[in-house]
Every structure is written in C-alpha cells, then in structure tokens.
Amino acid sequence: MRTKIIGTGSYAPDRVVTNNHLAEIVETSDEWIRTRTGIGQRHISDGPGTTAMAAEAARRAMDNAGVSPEDIDIIIVGTTTADHCFPSAACEVQGAIGAVHAVAYDISAACSGFIFSLNTADALMKTGAYRTGLVIGADNLSKIVDWTDRSTCVLFGDGAGAAVVKAYSETDDRSEGVMCMNMGSDGQKASVLECQSRTMENFLTKGQPKPGYITMEGQEVFKFAVKKVPECILKVLSDSGTDISEIRYFVLHQANYRICESISRRLKVSMDRIPMNIEEYGNTSGATIPVLLDELNRAGKLNPGDKLIMAGFGAGLTWGAVLIQW
Ligand code: ACO
C-alpha cells in the first residue's frame, strides 16, 4: 500500500496582530522581530479554539479532495494545545465534521506533530487497516504564551492545516505518495522548550496549580534545528536513493526565517526551493507545515510527479522528515 495526499486545507483566525501591535504590549519593535525571525504578523484567535480551527481546515481539505466525512476512517491530529485534556482534539473534530466511521486520536510532538501524524497514518495505511484519513496539524499557542515575555510572545500564532490521505495499492499507482520517512526524539533535551501542565498538583502534594506557559532556550533550539533538520533530510534522501536535485520543494517547519536560511546553506539548496510564509503567520507549531503545503497546492505550484520533503522539529525534542511524490 502507498499513502497519497489527495487534498489539503487550512484555516487561520481573521484577527491579525502585527509586530507594531505587540510593541504596544511588550518592549519590542517591528525591526527586532523581523530581523531576528522574519515574522511580520500573526493570526491570533479571539474565539475559536484548536478543535474549531482544525475542523474548518479538515472541511476545506475534504472539499479539495472530493471526499465526504463518511469516507474518513481515521483522523490523527498533531497538537499540543487540544482544547481539553480529554477528549482529544481528534475526537472533537470527528464529532464536529460528522466523520462517523473514523477512529480518532491526537499525537503530541509539538512542532513535529504533523510529520509524526502523517508518518503514523502512512504506517497504519500500509497494513491495509485504513483507506482514507485526515491528518491535521493544529495549534492555539496564543493560549499558552506568556504575553508579558517578549522573548517568546512575538514568535507564535494560531492556525490549522489538514491533508486528506488515501491508501492505494502499489499496483494502482507505483509512483505517488509517501516514499520514505524518519522520526527522532531526544527527551534529555526536553527542558530547552517546554510548557508546564496547569494541573500537576493534588491534595497530597499541597501545591497550588499554576498556569503553565511556554519557556524556551532560544539559542539551544536554534542550534538543534540547524543540525537535526539537515540530518533528517539527508537521511530520507539516502534511505530512498534520491538525489537532492530531484526535490522540487523543501516544506520546512516555519519557526524562524534564519533557521531555514541556515538549512538552505547547509544543504546547498537555494531559498526558492524552500517556500516560506512565516512573515504572515509566525510560528503556528503543528500547523506550519500543512498550512504551507495547502498554500502551495492551492497556488498550483505542485505538479504530479513533483518530489517534496517536509521536515519539522520541535519540543520533546522531536524531529522528522518525509519524502513524498505529489
Ligand atoms: N524584542 C526586543 N528584544 C528582545 C526580544 C524582543 N522580542 N526578545 C529578546 N530580546 C532581547 C533579549 O532580552 C536580549 O537582550 P540583552 O542582550 O539585553 O539581554 C537580546 O534581545 C538577545 O536575546 P537572545 O535571546 O540572545 O536573542 P537571539 O538572538 O537568540 O534571538 C530568538 C532570539 C529569535 C528566539 C532566537 O534565539 C531563535 O530564533 N531561536 C530559535 C528558537 C525558535 O525559533 N523557537 C520557535 C519555537 S520552537 C519551535 O518551533 C520548534
């Protein structure tokens, strides 16, 4: 079996918050944010949470793919900001879109969430157990950002992206779909990027539950990303016997423009093969890769036969890459 993406969709909240808006809240400037990160604005939700954003992205992806909710037999959502501890965002999406035949669950891999979810769907589809799936990356990070901390609050935005995936037997079409993937994690570096749970106290521990916010050692994350992302990209290339010149686009997690520039230098790949949309959305965590993929798809930039590598990295630490043929 081979897993092919047959439709994409995305959603970002209407409310746009520019760097200049943020400069009214914390001591920062448009110039500092743009030069350090490439971010010009972000979409921040003043209402819809992760489920609502994910469900809308899913509807748009199903429309793009020409499938109905009843066709979906598995939903995986990569998120670390589900609206509830339980049920999962995926179960809530299932309920919202009416995908009555689907099994649904979340994967927690932060900004690698979409890659981990896609790779998991691919592995399950290869067993023949599922035929048509929704793979979603969605995050509502604005709810877990400390809006008094200028070192983190300028980086993030809200959004969701979705892909409809379909299993094809090898004889139907040998040349399309997921070709090769890898994933990795390093829990010993967990503390460089984390968000404490809000409810880690009980009547025995006697502490007061405190709200948890994102904390980050920015330079450690930067160093990790520029090392691990090229490594996992080179691994999918060598594991699949693909030359880097065959790759049309590298669809990378949008955390920081300078991280992507550094990856481009390390791989000796020009930036016109590394599409970027961080200026508009900021870092939407699990959503960045599927939102970017959807934009490429809807702009008609993906042609049958194009080879793409999607690669993400994030808290955990986690990282992963997937090579697909469109
Ligand atoms: N505006 C103005 N000044 C700021 C801001 C801000 N928003 N944030 C920090 N500063 C100040 C700091 O206080 C510090 O001032 P000081 O020298 O007086 O102490 C100075 O700028 C430099 O701070 P650094 O943290 O050293 O800044 P750095 O050059 O490392 O840039 C950044 C910070 C942009 C976060 C960078 O480390 C980075 O890009 N790291 C990658 C991490 C990342 O992208 N994370 C995204 C989330 S993780 C993910 O998606 C996987």
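1. The open sheet has 4 strands in the order E8-E13-E12-E11, with mixed pairing, where strands are DSSP runs (E, at least two residues) numbered from the N terminus and two strands pair if DSSP finds at least two bridges between them. Its edge strands, each pairing on one side only, are E8 (177-185) and E11 (247-252). Neighbouring strands are turned by 10 degrees against each other on average, direction ignored, the axes being lines fitted to C-alpha atoms, for helices over the stretch in contact, with angles from 0 to 180 degrees between N-to-C directions.

2. This is a predicted model, in which local features need pLDDT of at least 70 and side-chain atom pairs count only at pLDDT 80 or more, while totals for chains, interfaces and linings use all residues. Residues are numbered from 1 along each chain as its sequence is written, and side-chain values use heavy atoms, with hydrogens and water left out.

3. Strands E12 (residues 307-314) and E13 (residues 318-325) run antiparallel and are joined by 8 bridges; Ile309 stands opposite Leu323 in E13.

4. Helix H7 (residues 218-240) lies across E8, E11, E12 and E13, at about 35 degrees to E13; helices are DSSP runs (H or I, at least four residues), and contact means heavy atoms within 4.5 Å.

5. The ligand is surrounded by 23 residues, the closest being Thr28, Arg36, His253, Asn256 and Asn283, with a residue counted if one of its heavy atoms lies within 4 Å. The largest share of this shell, 4 residues, comes from H7.
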